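Look at the sequence and the model, then read the points below.

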Amino acid sequence: MSAIHLQNLVKEFGDFTALKTMDLDIADGEFMALLGPSGCGKSTTMNMIAGMEEPTSGKILFGERDMAGVPMGRRGVGFVFQNYAIFTHMTVRQNLAYGPRMRGAARAEIDRRVGAIAEMLQLAPLLDRKSDRLSVNILQRVAIGRSAIMEPAIFLLDEPLSNVDAAFRAVMRTELKQLQRQFRQTMVYVTHDQLEAMTMADRIAVMDHGVLQQVGTPLEVYNNPANVFVARFIGAPGMNLLKGRPAESDRGLVIDLGPLGVTPPLPDEIAPPVRATRGEVLYGFRPEQVALAERGLSMPVSFVERIGARTIVHLGEGENAVRAVFENDVGLSIGQTAVVAPPASSVRVFDAATGLAVKAG
Amino acid sequence: MSAVTATILENEMGARTKPATPDEGSRLGFRLTLPAQILVLFISAFPLLMQLYISVTDWSPLSGAGWWNAWEMWNSFANYTDLAADTRFWSALQRTAIVMLVCVPAEFLLGLALATLFADEFPGKRIFYSILLMPMMVVPAVAGYMFFMLFQSGGPVNDILSRIVGTPVTIAWLSDPNLALIAVMIADIWQWTPLMFLILLAGLVGVPEDQMKAATLLGANAWQRFTTIVLPKMKTIIIIALAIRVIENFKIFDTLYIMTGGGPGVATETISVYIYKVTTQDLIWGYVAAIALAILIVLSIVAVYAMKRMAKAREVPA
């Protein structure tokens, strides 16, 4: 009933195409994050789901029901705005009661529902506070409560944590996730912060330039990026990608990285499809999976960032730069040469021409 | 250690400015603000005191003595007791109140309707916007002549009415005691609705758009959004707009005086017109000072009340 299906969705603003065809199925009760850099079309997608904008073409279905022409107040959608859009001239109680009041619910009914939602969100002691001087986590709860009181089947959240300082974000993330467990609604969460998407979402839809790049669970997206964009965008820092050509060696298929030498042999399952690609490929591996080794890529250390728990070592320069993340301070300093090797199982290969991942056959 | 630091700091500061005691500081401040204070004294306090002084005398410019010698004609509070019994004054006050009670709400409602219209985009908005603001730019005296000519019995208003009705209409707008007041009010509404519109539009575009969207998503229709979000957010600005127009309208004079001269008879004689007549025709300036002072007090009460309401409204920031 509250599943969302987006079919061939397109949105153009004059000459500008914000969304170039999007197909996405969001299951009932799923927490789906729309993740991407600004201008990727994620907010446009959400606004169309909410009915604030009409799609240029394509369909939006809630369950079986086509939403075309259904105005935004009648879609049964809860929406939490980036800055919460709390009615600042009202009390917390008046904010919570707004929806039922506008629908003409009886006084006793409104009181009962406001009481129940306030209890659930721990807002009961704050009900008669003016809402212009509330802390941001309470604003978030009021915003969620104000929508939740309408019992929407679908909840849309538009970057609700982007105005919150970093330290507080962790608290808010936990709180949001708990709220979603309580309400059990389908949630669509727009963010440009991969940490939020990774920690909260059941699945992530990564978007760029109005195109859906990949849909998958956080670990799928992290471990098996579908293309170069996702590989670079997910992870902090993103995946290392080195340009090279497949080459045969006596130990199996390797990638010739030019001045950096050749890589260790590729694992057997991806060797055949890599062999089949013609032209250049990108040899990818996660900075976190790099280990110091006796044999591997020998590169000069150009910079070392020590951030307490982890050390990020920058190796090489320009196109051939590699970043390696170590759990401990590995004692490397600028100018030294490090020999690093990614474990064979963590290597991903992308077709340089198409940008797509070469999948194990 | 701290004593040493203090000494060093003192020396450093002493090198730049002379150590100033609080007393010296305030004396310097007084001297610096003195020119402005004298100016304020002359433009507000002096005329007020002079007015108060004259209002308790029978002084008139024809009495031969300078105004400073008005005490020779001291009549204590006779002017004020006369005022209380002056039926012409009270009916002028009543007329002013009628004009205000019709014009200000009409200007407010028209201004609000127009502002709501102009908050959205529509083709030709900029041109209409300029046209709409034009009446406000017209010199009131000129507006007076315009409406004086429009409302002549052979004038354009009657002409248009004749064409609509089909038979010749010869309404004597400005010489009928009842219609004259209506004509005057129409002119005032024409001229001052734009100001109301301008102020209210500024308030309207300041209503946060996301809160409007949130209200829509929660199921509020256009009227509900207007009453529950727009009006409460505009409370302060509405009070300001109404206060400006109430005070200005109370002083209605130029347009009206040119259109009717307060007539026919005293049919459109408002407070300002009455004061003007007493000043220029009867020349009893002691009495005029008393009337003006009484009105000043009434207007001040209105202003203070409005400001109090405003301060109260501001406790709930928009």
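**Backbone, helices and chain contact**

N8(A) lies in strand β1 (residues 4–13) of chain A. Helices (H or I, at least four residues) and strands (E, at least two) are DSSP runs, numbered from the N terminus. This is a predicted model: local features need pLDDT of at least 70, side-chain atom pairs count only at pLDDT 80 or more, and totals for chains, interfaces and linings use all residues. Residues are numbered from 1 along each chain as its sequence is written, while chains are lettered from A and ligands numbered from 1 in the order in which they are written.

**Backbone points in chain A**

- N8(A) is not a glycine, yet its phi is positive, near 50°.
- N8(A) counts as exposed because it has 11 C-beta neighbours inside 10 Å. A residue is buried if 20 or more other C-beta atoms lie within 10 Å of its own, exposed if 12 or fewer, and partly exposed in between; C-beta atoms are placed from the backbone.
- H209(A), also not a glycine, has a positive phi of about 50°.
- H209(A) sits in the loop between β9 (203–208) and β10 (211–216) of chain A.
- H209(A) has 15 C-beta neighbours inside 10 Å, so it counts as partly exposed.
- The peptide bond that joins A236(A) and P237(A) is cis, with omega about -5°.
- P237(A) is in the loop between α8 (228–233) and β11 (240–249) of chain A.

**A helix pair in chain A**

- The axes of α4 (residues 136–148) and α5 (residues 166–183) of chain A come within 11 Å and cross at roughly 20°. Axes are lines fitted to C-alpha atoms, for helices over the stretch in contact, and angles run from 0 to 180 degrees between N-to-C directions.
- α4(A) and α5(A) are therefore roughly parallel to each other. That term covers angles under 35 degrees; over 145 is roughly antiparallel, 65 to 115 roughly perpendicular, and the rest oblique.
- From α4(A), the contact takes N137(A), Q140(A), I144(A) and A148(A). From α5(A), it takes V171(A), M172(A), E175(A), L179(A) and F183(A). Two residues are in contact if their C-beta atoms, placed from the backbone, lie within 7 Å.

**Where chain B touches chain A**

- Chain B gives 16 residues to the contact, and chain A gives 20 residues.
- On the chain B side, α9 (209–217) and α10 (222–233) are the elements that give two or more residues.
- α9(B) gives the most to that side, with 6 residues.
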